[in-house]
Amino acid sequence: MAEFLAQVALGESLTPVGQLRFTHAGPRQFSTFAYDAAWIENSRAFAMEPDLSLEGGPFHRSGQSGHMRDALPGAFADAAPDSWGRRLLERAYGNGLNEFQYLTLADDVCRQGAMRFLDSEGAIIRGKATDSVPRLVDLEAITAIARAYEQGEDISAEQMQALAGAGGSGGARPKANVRDGDVLWLAKFTSVHDQQPVERVEVATLRLAEACGIRTPATRLELADTPFPVALIQRFDRRGTSRIPYISARTALGKTGAELGSYTEIVDFMRASSSDPMADFRELYRRLIFTILVSNKDDHLKNHGFLYVGAGQWRLSPVFDVNPAPDRNPHLETAILEGGPHDRSIDLALEACAFFEIPEPEARQAIRAMAQRISDGWREAFREVGVWGAQARHYEPAFASDQMQAALTI
């Protein structure tokens, strides 16, 4: 049995928040988190997530087979790397890492949100690489390292640690954090396994989302004239060098294991926790309609998120991970209505507008306008990032669907 202990702090100021105790005993992993008394009494204190109320605790979590990430509270699991980052850490540190190690060995500079982890001496728990975030000017070199890693080629320990430290969170695709001055960007690389121009299409789709009035992070395409372009997406959990607390919708809704959720449950959370719920309702509704109209395959609860804005309140983060899928079954990862079907349906979305507190005439108008903008603009958006001809035709079913026709005539 192995025991791990970390002091939990927030932001650049390393404001003490609480203590995380983690146990790894054979196949079992579990944790206990408790707030510090000083944090509870702090006038600026807030709960790290709804299930970790300031009045409660200590809070116990345990991982289950197939869902070991639940060994950490959701806000902590949100800060840990996902598939790609985990694979890099295993290559750098060996297999058999537990959830605490995935969380704390990931680069402190790049970790999602504002959580920091300190040892018993008050020092930041770090991996082997202490200054591993590459600069934007090194992007071509980092791209080459990522490709070599994906292809199983030998790379040096130094290269491995740099890539592992900057590996980023979320998803299984190759990525790294890069600096441009004081600004942190997530670089999403073309994979050696790609059959389609995934990174070019993601940039084009985010630009379409922005044109539809959806809040998007700054996004651009680098190395666009090479066969291996990189999508650069500015980190929205940073403001200059300051860190902004972040939770996923999965954490906001208290989901565990394989539990799915619904857009109306997200609305309920925003009604209770947003500093401007009506604006967030309309923003989320636009994203739902956009997801349907571009056949987005990635609208699961980890791909909706919230940023802390003070006074115990959270706002919907900018949109991210929007990927058209012309060949996937027409269903949503997140249902429109709680307990309802996961159908990708414009008619169902229109029927649900009242749950978002949007009058039906306004919803109809918004749906038609968005459908027209996407239908008229997606090919040009693709051309601007270098996707045309057969590659564009491959994606056409994602945009010229029966749901697009329904939206244009609604």
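**Aromatic pairs and cores**

Let me start with Phe399: this residue is buried, at 1% relative accessibility. Keep in mind that this is a predicted model. Phe399 pairs with Trp378, and the two rings are stacked. Their centres are 4.6 Å apart, with 5 degrees between the planes. Trp378 is buried as well, with a relative accessible area of 2%. Trp378 sits in helix α12, residues 360–384, and Phe399 in helix α13, residues 389–399, so the pair ties together parts 21 residues apart in sequence.

There is another pair to show, Phe382 with Tyr395. Here the centres are 5.7 Å apart and the planes lie at 70 degrees, so this pair is edge-to-face. Phe382 belongs to α12 and Tyr395 to α13, 13 residues apart. Phe382 is buried at 0% relative accessibility. Tyr395 is buried too, at 5%.

How many aromatic pairs does the count come to? The answer is 20. Some join up: Phe33, Tyr35, Phe59, Phe76 and Phe117 are linked into a cluster by ring pairs.

Now the cores. The largest nonpolar core has 91 residues. Phe76, Phe290 and Phe306 are among those with the most contacts inside it. A second, separate core has 20 residues, including Trp84 and Met160.

Next, the strands. Phe306 in β13 stands opposite Ile247. Strands β12 and β13 pair in the antiparallel sense over 3 bridges. β13 also pairs with β14, again antiparallel, over 4 bridges. In that hairpin, Ala311 takes a positive phi near 55 degrees.

Last, charges over rings. The charged end of Arg86 sits over the ring of Tyr102, 4.3 Å from its centre. Arg220 lies over the face of Trp185, at 4.5 Å from the ring centre.

Methods:
Residues are numbered from 1 along each chain as its sequence is written. This is a predicted model: local features need pLDDT of at least 70, side-chain atom pairs count only at pLDDT 80 or more; totals for chains, interfaces and linings use all residues. Side-chain values use heavy atoms; hydrogens and water are left out. Two strands pair if DSSP finds at least two bridges between them. Helices (H or I, at least four residues) and strands (E, at least two) are DSSP runs, numbered from the N terminus. A nonpolar core is a set of buried Ala, Val, Leu, Ile, Met, Phe, Trp, Tyr and Cys residues joined through side-chain atoms within 4.5 Å. Buried means under 20% relative accessible area, exposed over 50%, partly exposed in between (1.4 Å probe, protein chains only). Rings of Phe, Tyr and Trp (its six-membered ring) pair if their centres lie within 6.5 Å; planes under 30 degrees apart count as stacked, over 60 as edge-to-face and the rest as tilted. A charge sits over a ring if NZ of Lys or CZ of Arg is within 6 Å of the ring centre and within 35 degrees of the ring normal.
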